[in-house]
Structures are given as C-alpha cells and as structure tokens.
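Work through the exercises below with the sequence and the model side by side. Try each task before reading its solution.

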Amino acid sequence: METITNSLQRIIPREANGKILKPYQGAFNNLGGGNRAAPPIPVSRPARISKQTKLCKDIREAIEKSGLANGDTISFHHHLRNGDAVVNLVMNEIAAMGFKDLILAPSALFPVHQPLIELIEQGVIRRIEGSMNGPIGKFVSLGGMLPDIPILRSHGGRARAIEDGDLHIDVAFIAAPTADDYGNAYGSLGKSACGPLAYSHIDSIYADQVVVITDNLVAYPCIPHSIPATHVDWVVNIDQIGDADKIVSGTTRITKSPTRLLIAKYAVEIIEKSGLLKPGFSFQTGAGGISLAVTKYLGELMAEKNITASFITGGITKYAVDLLHQGLVGSLFDVQVFDTASIQSLHEDPAHWETPVTYYANYHSKGCLVDRQDIGFLGATEVDIDFNVNVNTHSDGYLLHGIGGHLDVAAGVNLSMILIPSYRKRIPVIRDSVTTVTAPGETIDAIVTEQGISFNPSTEMGRILNENLKNSNLPVMSISELKRKVENITGIPQAPQLSDEIIALIEYRDGTIIDAVRKVIP
Amino acid sequence: MNKIISKVKLGRSSLEGQPEKSDLTVEVEPSESLIININSSVKTLYREHIKKLVSEILSEHQIQAVKITINDDGALDFTIKARLTAALFTAWGSSVQQNDFSHPPLDSISKNLVDLKSRLRRTRLYLPGNNPYLMQNAYLFGSDALIFDLEDSVSPHEKLPARYLISEALNFLPIQDQERMVRINPLNGEGIQDLRVVMKLKNFDTVLLPKCECREDILNADKIISYFEQKYNYGQKQLALIPLIETAKGVLNAPQIASASKRNVALTFGAEDFTADMGISRSPGGEELQGAKAMILLAAKSNGLQALDTVYSDISNPQGLEQDTITSKSLGFDGRGIIHPEQIDIVHRVYQPSPSEIEYAQKVVEALEKARAQGNGVASLGRKMIDAPVEARALKILKLARKLNLI
C-alpha cells in the first residue's frame, strides 16, 4: 500500500476504498469550497392520482420499495443506543433478501449490534463508515473488514461528509418512537421515546430514499415532529423498535468514585479561574461520570456566584435540565438525551431545543454551534506530550470506541479540557505519542487528572490558564512532569505488537485523514 | 529459606476466582524448577514488567524452584509485591516467635513525637487494610491523616495478607504531608503480629490501638512498640499512639489511659462498639453518647492530648455530617474519623476558622502586643478585657489559619 505522511507525522495510505485521500494539514486548514451534494428531486406521487400510500406492511416491503441494490450505502441513527432493535431487524431482512456488498453508515453502533459481525463475514456488509466500538471494533482490529478500510468520523464530520458528497446515502432507515403514515416523525413520545432524532436529520435530507420505522403510529399529522414528511418516502409500523429500559435510563447518577469527583472539582476550579465564568458563558455537558459531576458542581458554583449561562450543549441529562428549570441557564441545545426527565423537558420546555447535528458541529457549515461555545469537557483513552488525544483505540491497539462529537467540540470551544483518571488498570493515559490521533493537540487546552493538571503551552488559552493558575493550590505541572509522575506509579508499559497493515482510518472534521489504525497481532 | 511445605493461594477474588479490580491472586506450589505463569488483563503491556518483578522478589528470598501462578487485574507493583511476599511466607510457614517484651516504656520523647503531638487531625480517613483499590488514590483527597486498618475492616483470614499490603502501600505511595496511621488489632489477639510486620519498614507515624480499657493496655502497647523500635533500629524516630476508647470500661478509665504513655497524642472515641457494649442503639442526635464523649474530652484535654470524635457512618447524608461535626467541634473535639473521601471537605469546612474569627483573633494579638510594648500586662479590646484564655484561643485560631494558608 502506498503511504504518505500528514502534518502530524502520521503515516496514512494515499488511497483507500478506491478514493484518493486528503492528508490532515492542521485543524483549521481545509476550509471547504466547491458545491454541496444534492439529493435527487423526488418523483412526485400526488395522492389524487396514484392513491399510493407511504405505509408499507413490513420492513421487507419498505426495502423493496426503496429500490435498494447491491453495493448501496445505507444509514441508521443511534438514538436508541444499546436498546436499538431496528439495525438488526433491517439488516437481517436485507441479508434474507440476498443483498451483498452493502456499505453501512450508522451515526454509531453499540454492543447490541454484535450480530452484524456475522453479516460482514457473509459479505452482506462490506464496509462500515461512521463509528465502530466494542465487539465490532475488535473484529475490525483483527483485520475482519479487509480489503475494505472503514472510515471513522465525528458527529460533525459525518454531517459534513454527507453534505460535501463524500458520503452518499442510498437508503436511510430512521427509527422513530412516534410517526404518522405520511412520515412525520418525532422522538420524545411513545413507548420507545429517545428524545431528539438529531443524528438522522441530515440523512433525511440527503439520502435518495428515506424509510421511517416506528412502533407508535399516530393519526396524521404528527405534531410536533423532528423529521418532516417532505423528507420521507416510506413508513413501516412494527411491534417494537427497541427496549425502552436500554434506550434511556430512568435516572442518571453521578459517579461515586472519589478519584473522578476530584477531577471534576479540579475542572470547576480551573473554569472559575479561567476568566470564562461570567454571565452569558456556555458549556458542553455529557453523561460520562466526570462530566455529570462537573455539571453539578459548576451549577452549584453558578448559583453561589449568581452567574447565569446562556446555553448548554449536550448530551442532556437531568442535571442540565435542573439548571434550566432553576433559571441558571437560558437554553439547552440537545443532540441526544440520556434520561427520562430530559425527554420530558425536551417535549415541554420551549428553551430546550432539538439540534440537528450539522447545526451543532459541521465545520463546512456557515458557522456551527460548537464555535460559539466557551467550554467543553472531554474524555480520552490516551493523550500525549504534544496534547494529541486518542479516543478510538486503547494502548494495546484495539479500536474500541467511536469519536462522538469529541474532536468537533475540541476544535470549536474556547477552553477544551480532557478530564481523565491518570491511569486505568495500571495503564497510564499520558504517552510519548498516542496510539491513534483523534483530536490534534492544537485543539486541546488542558489535561486534568487526579495526579496533576497540564495546560498546553502552544494554545493561547493554555498559556492564559498557566499564568492564572501556576500559583494556585491546584497541582499544575508540565505534561512531561505529569507523565513521569504517573509512570512512577504504573511503571512504563511495553509497546504492543501492531502490524503495519491499516484496518481503519480516522477522518478529521474537515474531511482529511488524521490517522490510520493498525491491525492488532493478538 | 526452608523447603516449601504447603500450596497457598492468596489475594482477593470473586466467587468465580477472578481477581478483584487492581488486585491479583497468587498461587504458590512446590516445583522442581522455576515456573512463573502470568495471566493479566494488562498482559499485552505489562507481562514482562510483572515477570521481572516476580523474579526479583524470588531471588531476594533466594528461591530457585517454585511454581507461581498469577491472575492479575491491573494491580500496581506494591500490590503484586505484597501478595507474592505474603504467599511465600505462608507457603514456607513461619514459626510464631515468642518475644520477651519486658522492654521499658518510653521515657523521653524525641522531636518527631513532639511534632506529632500538634498535628492537625480534623479528618482521619479509614482504609480497609486488604483493599489495594481503595488505597491507591486515598492520599490525594486531602484528609489530615490516613488510617490503614487491620482491625474491623479486615476479616480474620485476611489479616496476614493485609499486613503485607499495608507495609508495601506505605512504602510505595507518595504520601507527603498526611499523618500515616495504622490501626492494629488488640494486642491480646493479632496485634503483636501486626506490629511485627508493619513496623519493619519504618514508614508510618502513629499506631491506633483499639478497645483500650485500662492503663495496662497502654503500658503494654508502649513496651511492645519500644521493643520493635529497638529491634528494627528506629533510632530517633518514635511512633505515636492513639488509644481508641470504645467500651464502657474504657470510658470510665479514660483519665488513666490518657496519662499512661508519653507516646499518646490523642484519645479517640468509637461509638459503634461503645453502643454495642452498652446494649443501646445510636440515635441520629447521639444523645446517648454525650456522657462518654464528655469523659473522653476531659481526660484528653487534662492530659494535653487531642480528642478525636467517632465516625459519621451515613455517607449519603452530608447535612447530617455537617451538623454532627459542628456539635462535635463545639464540644471540644479536634477532628473525627471519616469513612469516605466525600466527607473530607465537609468536616474541613466546619473546622475552618471563619474570616470574622480570624479578624478578631488578629485584633486580640495586636492589642496585646501594643499593650506589652507600652509596658502593660493586660489589654482590652473594645470594652472586653483580654485575659490569658482569650489570648490562647486567638493564638490557636491564628495557628490553624496559618496552617491552612488563610492568612
């Protein structure tokens, strides 16, 4: 395979899957230009003439009517998370109908989708573009998808790829907790309610064919709705689109781990002293243990100082909803929700707004939400002394996680903080060089661990924080010092055995390739 | 070493035999040659490291032929070392030594013990002695002291591995300004073995002695500690002692306990055992404990010792902890035991001198200095006369404020 080196000195292939790749050249270089892709003009089906209905009797009929062909690209959203039944139902039907060589372009996959491995082995699916984690990631790490090379994208990067025409979707299947027979679809009502349908909004606009699959068919018109009937070709009503208990949790709970709580406290203290904590500021929340704790502590600090935030972007949980209800934040931008309280709020609170992903994070839009956001709290599997962040692979080389909105948020916000325990199962998170670069160091301002805090000397915010906090009680140190400190506890790990063979690509939000993932030798 | 006499398996594991998080199981078996098997959730990155560590420990003990099977879930080196050492000692069998403890108790105290007397002890975090996962980061949460517990939180069959784990943890963890305490078992039980192992590495400050009931208990402890200090060449370093009073008899004898040894730096109260001994249950307000607490406070303060309160065991009730600590402080206690890191900040906040307290204390000291400069023995502030107790209280507040970087 012919390779080239990108600006982070990562070796990537010159081409993959029959396309010439663009090497990463810096976080803010590939600005766009040219024309967007465009969906086909629908062939009009006026009811007055054809009497045709969009409602299909089952999934098979919808697949037939969509005109799916071998080699096509199909998409799904992941709002139903590990409770999703739709991906497996549709893919099994597609396999039963004898289709081959499909490209799957989900916004994310979960452990519940492990049966897809069998379909990859059978040749029904030839490639995944989007996100991979858990069992499928492990399968891919061992070379299971070769000779095709899957491409991982962030949420914003996926929206960009669709709009720019890098990812053309033939048929989008959209699981909808509520829909009418004309295709108006809504996420916050119904027995399988999941909140927004934000990830699939872009699919509904750009895919050639759009199939809505619901288990709560309501009388026309379904109002309010997230996906309008004008985007939808076919509708299927089935018994169950998912397992409600696994779609959202009844309550989201904050971590009880004292180590994680300590990291959250450090993060809030940094925010307090960063100069960003002022009326009208904004931040990102999530459902991760540390992030939830930060939301809670930050809310308490805001209440104490009588400071109101203008908006929260998320990853919405009850903790963010509470801040809205207490008047401590003006509005919630909601890309996904994690608990029932948040779904209810999304349905009822006017200031809680379902946010299409392209609005949220698309770099090739005319300005996206993350660019207006002050603070983002992010995770990592590894970081390195250049502040590059890995969220995809573990230190042993296995590709086990998708990107989510990580690198979009890191690039957009004024202060991006990586909040992580300094080691997991004795494996240190700070390395000389990360196994895989997901987010480039130039977009990361701070690394916060229980053992110490490092600010990036090459970002403006990193330098400001260093100046403001070097004499505080916080354990601020250089990243090399922090690395040494952690290694004194964990010992230095030996290098894992990785082959040169490339099994996946990490695409940056601008469509360039930031890194390639190597095959693991087990 | 002698010949191996028994097959041994050590370390915390689940019912299915899987090691607990950050822990490992070690199996030692007789063998004609050296066999080391390592199964680990981090083996891709740490197999060689672990193998090297095991070989080093074996050669330290001059063991050439043995079969070692390790099942690890990301344990740090100190845990691996502790588990292996404990397993080797058990496998080889060690005869319990009989010692003559007719060593005199401490008669003059060294500088390190003087320093220990005035340590800040607002919070002492209890750590179960056989759980490496809970120990690893405990020093990061800012309690004034850490208690590595060998008594109630360790089941009888885990006492031996726990001793080695605590020794290695104290040796390994970069604990800086916190007082390192070990709560041993009563000396009529496992306590002597506890001291024999944990005192060897000379890396802690204070012995917490449970179920103290009379003067002789303390004298006995003092002698045994003195014996091991000499045996292990402690030199000028002297261990402090904190008697734990948790029975009706102990409460009645608190004055004798407090004055029994120069090693004593504080008396502490244990409410759980005390209420059990009294045959009563603990109420939210703790009215049933008032008599015992008063006795311990008087005994401690009249002997120049700190008085430390019992733990607040409901970790889900921060408001209750705060209220209880406010009361505890107002009675005269200098701190309390805690069982979860989330309790630390709450207790420290209660013990923190308020800005108005600090300001008043500064005024008191200024007024006195001024008066003394003018040759007056007494001073007044506003319409209040400043006498010796007022001055003492002000100095105490300022000392604490300085220690906490508030001034």
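**Exercise 1.** Which domains does the domain assignment of chain B give?

Solution. This is a predicted model, in which local features need pLDDT of at least 70, side-chain atom pairs count only at pLDDT 80 or more, and totals for chains, interfaces and linings use all residues. Residues are numbered from 1 along each chain as its sequence is written, while chains are lettered from A and ligands numbered from 1 in the order in which they are written. The assignment, automatic or from a database, gives domain 1 (8-92), domain 2 (111-351) and domain 3 (355-403) in chain B.

**Exercise 2.** Find the order of the strands in the open sheet of chain B.

Solution. Strands are DSSP runs of E with at least two residues, helices are runs of H or I with at least four, and both are numbered from the N terminus; two strands pair if DSSP finds at least two bridges between them. The order is 1-2-4-3, with mixed pairing, and the edges are strand 1 (8-10) and strand 3 (34-40) of chain B. Strand 1 pairs with strand 2 (residues 24-29) of chain B in the antiparallel sense over 3 bridges, and B:Lys9 has B:Glu27 as its bridge partner.

**Exercise 3.** Describe how domain 1 of chain B meets domain 2 of chain B.

Solution. Counting contacts as C-beta atoms, placed from the backbone, within 7 Å, 17 residues of domain 1 of chain B touch 12 residues of domain 2 of chain B. On the domain 1 side, helix 2 of chain B supplies the largest share, 9 residues.

Terms used: Contact = placed C-beta atoms within 7 Å.
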